[in-house]
Amino acid sequence: MQQKGVNGAKLLHIESEEFSNNILYPKEDKEQKILLYACRNCDHQEAADNFIVYRNQIHHSVADRTRVLQDVAADPTLPRTKAVKCIQCNHGEAVFFQATARGEEGMTLFFVCCNPSCAHRWKD
């Protein structure tokens, strides 16, 4: 459902169930070949009156990703270890976490040096 905004601009309205306010997600009915909006929490579905589905992909720049990794060293909720030494500055403490590495399957153990002037990162 679209609404008119300032200067006639079209605003996209997120579909939701009338009574529960659950978000309705686009779903294809392959038998009838129609677009539906369906709730992921119950069996509610309704025919779509707007046949445009938007996909929002956020692409982070290298600088954004680097900033996130530098901030990781200051995160008090992440585990720390003194069992490794940074190969760049020889600091004896690092934060570690698991994540998927680009182009690899499974989880990889990442380390970030806790020396604020270094913030070197490496994987195990």
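Helices (H or I, at least four residues) and strands (E, at least two) are DSSP runs, numbered from the N terminus. This is a predicted model, where local features need pLDDT of at least 70 and side-chain atom pairs count only at pLDDT 80 or more, while totals for chains, interfaces and linings use all residues. Residue numbers start from 1 along each chain as its sequence is written, and side-chain values use heavy atoms, with hydrogens and water left out.

**View A. Arg 40 sits in a loop between two strands.** The loop in question runs between strand 4 (34–39) and strand 5 (45–47). Arg 40 counts as exposed, at 64% relative accessibility; the cut-offs are under 20% relative accessible area for buried, over 50% for exposed, and partly exposed in between (1.4 Å probe, protein chains only). Look for Tyr 25 too: its C-alpha atom is 7.5 Å from that of Arg 40, although the two residues are 15 apart along the chain.

View B. For two strands to pair, DSSP has to find at least two bridges between them. Strand 6 and strand 7 (residues 94–100) are joined by two bridges and run antiparallel.

**View C. Thr 81 is a buried residue of strand 6.** Its relative accessibility comes out at 16%. Across in strand 7, Ala 94 is the bridge partner of Thr 81. A polar atom of the Thr 81 side chain also lies 3.0 Å from the backbone nitrogen of Ala 83. Leaving aside residues up to four places away in sequence, Thr 81 touches Gly 92, Glu 93, Ala 94, Phe 96 and Phe 111, with contact meaning heavy atoms within 4.5 Å.

**View D. Arg 80 and Glu 93 form a salt bridge.** A search of the whole structure turns up one salt bridge, defined as a side-chain nitrogen of Lys or Arg within 4 Å of a carboxyl oxygen of Asp or Glu. In the Arg 80–Glu 93 pair, the closest N and O atoms are 4.0 Å apart. Arg 80 belongs to strand 6 and Glu 93 to the loop between strand 6 and strand 7, so the pair ties together parts 13 residues apart in sequence. Both ends are partly exposed: Arg 80 has a relative accessible area of 36%, and Glu 93 has 23%.

**View E. Val 95 is part of the largest nonpolar core.** The six residues here are Val 72, Ala 73, Val 95, Phe 97, Val 112 and Cys 114. Such a core is a set of buried Ala, Val, Leu, Ile, Met, Phe, Trp, Tyr and Cys residues joined through side-chain atoms within 4.5 Å. Apart from this one lies another core, of five residues, including Leu 35, Tyr 37, Cys 39 and Ala 48. Back at Val 95, the residues touched include Leu 78, Pro 79, Arg 80, Phe 110 and Phe 111, with those up to four places away in sequence not counted.

**View F. Cys 86 and Cys 113 are buried.** Searching the whole structure gives zero disulfides, the criterion being a pair of cysteine sulfur atoms within 2.5 Å. Cys 86 is in no disulfide, and its nearest cysteine sulfur, that of Cys 118, is 3.7 Å away. For Cys 113, the closest cysteine sulfur is in Cys 89 at 3.6 Å, too far for a bond. Relative accessibility is 3% for Cys 86 and 1% for Cys 113.

Conventions
A polar contact is a pair of N or O atoms within 3.5 Å; within protein, one must be able to donate a hydrogen and the other to accept it, and residues adjacent in sequence count only if both atoms are side-chain atoms.
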